[in-house]
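Welcome, and please open your viewer. We will walk through one chain together, stop by stop.

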Amino acid sequence: FTASKNTITSVEGIFSGCSSISDFDSEIFANMPKLQSAKESFKDCTSLSSIITDINPFDGCTNLQDVSGFFRGCANLQGSVPVSMFNSCRKVLKTTNSMFYGCEELNGNISVGNEDTTSSEASSYQLGLLAECLSLTNTSYMFYNCKKLTGAIPWDIFYTKSVEHLYTQLKDVSHMFHNCGFGTPTTYNDT
C-alpha cells in the first residue's frame, strides 16, 4: 500500500463495514497526491472509537475531491473535528456530505481557525474547517445527528477573503448540522 501512495486515485469504501476496527493510523491516506476520492472509507465501522482531535488523514492529498460518508455511521468516534483536515485540498474539494453522519459520540467541537484576517503574512494562520474551499458543491448532512458536539457553529466555517471568490459552486447544505448538540454560530469580534 505504501509503495503505491503516489499512484492511488481512490480508496472508496476501503474499510467500509469493518465492524471490528477500533482504531486506525491517522496518516493512513496522507501524502497521496493523486487521491481524488476517499468516499465512505470507514463507513459503518461501528467499533471505531478513535479520538480524531489531532489527526490529519488527508495531509498531502492535493487532489482530494470527495470525502462524502468518510466516517458515516462511526457512532463511537470521539474528539473534536480537526480544523486543519482539508488544508491540502482546499482548492479542489467538492463534496463532504454525510462525512460525520451519525457520529453520535463525537464529543468535541469544530474549532474556529486562527487566521489574522488583517495580516498579509500567511505563515502561521489556520483557516476555518471549510474556509476557502471554493469548489465545494455539497456539504449536506455533514454533521447529521452528531448529538454530542459542543461549542457553536464556527463563524469562519465558510470564510473567504475575497468577495470575488464566493461559494458559487455550493448547491446543497441541507441538514448539515441537523440534530447536533449546538446551534448558535460564534460571533466574530473585530476589536
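Predicted model: local features only at pLDDT ≥ 70, side-chain atom pairs only at ≥ 80, totals over all residues.

Residues are numbered from 1 along each chain as its sequence is written, and side-chain values use heavy atoms, leaving out hydrogens and water.

**The whole chain**

Select everything. Of the 191 residues, 45% count as buried (buried is under 20% relative accessible area, exposed over 50%, partly exposed in between, with a 1.4 Å probe and protein chains only). Taking contacts (heavy atoms within 4.5 Å) between residues at least 6 apart in sequence, 86% join residues at least 24 apart.

**The core**

Next, select Phe58, Phe71, Phe86, Phe100, Leu129 and Phe143. In the largest nonpolar core, which has 48 residues, these touch the most other members (such a core is a set of buried Ala, Val, Leu, Ile, Met, Phe, Trp, Tyr and Cys residues joined through side-chain atoms within 4.5 Å). Zoom in on phenylalanine 58: leaving aside residues up to four places away in sequence, its contacts include Ala38, Leu64 and Met99.

**The rings**

Now show the aromatic side chains. There are 17 aromatic pairs (rings of Phe, Tyr and Trp, the last by its six-membered ring, with centres within 6.5 Å; planes under 30 degrees apart are stacked, over 60 edge-to-face, the rest tilted). Phenylalanine 100 and phenylalanine 143 are stacked, at 5.3 Å centre to centre and 5° between the planes. Phenylalanine 100 is buried at 0% relative accessibility, and phenylalanine 143 is buried at 0% too. For a tilted pair, pick tyrosine 141 and tyrosine 144, with centres 5.3 Å apart and planes at 50°.

**The cysteines**

How many disulfides does a search of the whole structure find? It finds 0 (a disulfide is a pair of cysteine sulfur atoms within 2.5 Å). Select cysteine 18: the nearest cysteine sulfur, in cysteine 45, is 5.4 Å away.

**A last stop**

Finish at glutamine 126, which is buried at 15% relative accessible area. Its side chain makes a polar contact with the side chain of asparagine 87 at 2.9 Å (N or O atoms within 3.5 Å; within protein, one must be able to donate a hydrogen and the other to accept it, and residues adjacent in sequence count only if both atoms are side-chain atoms).
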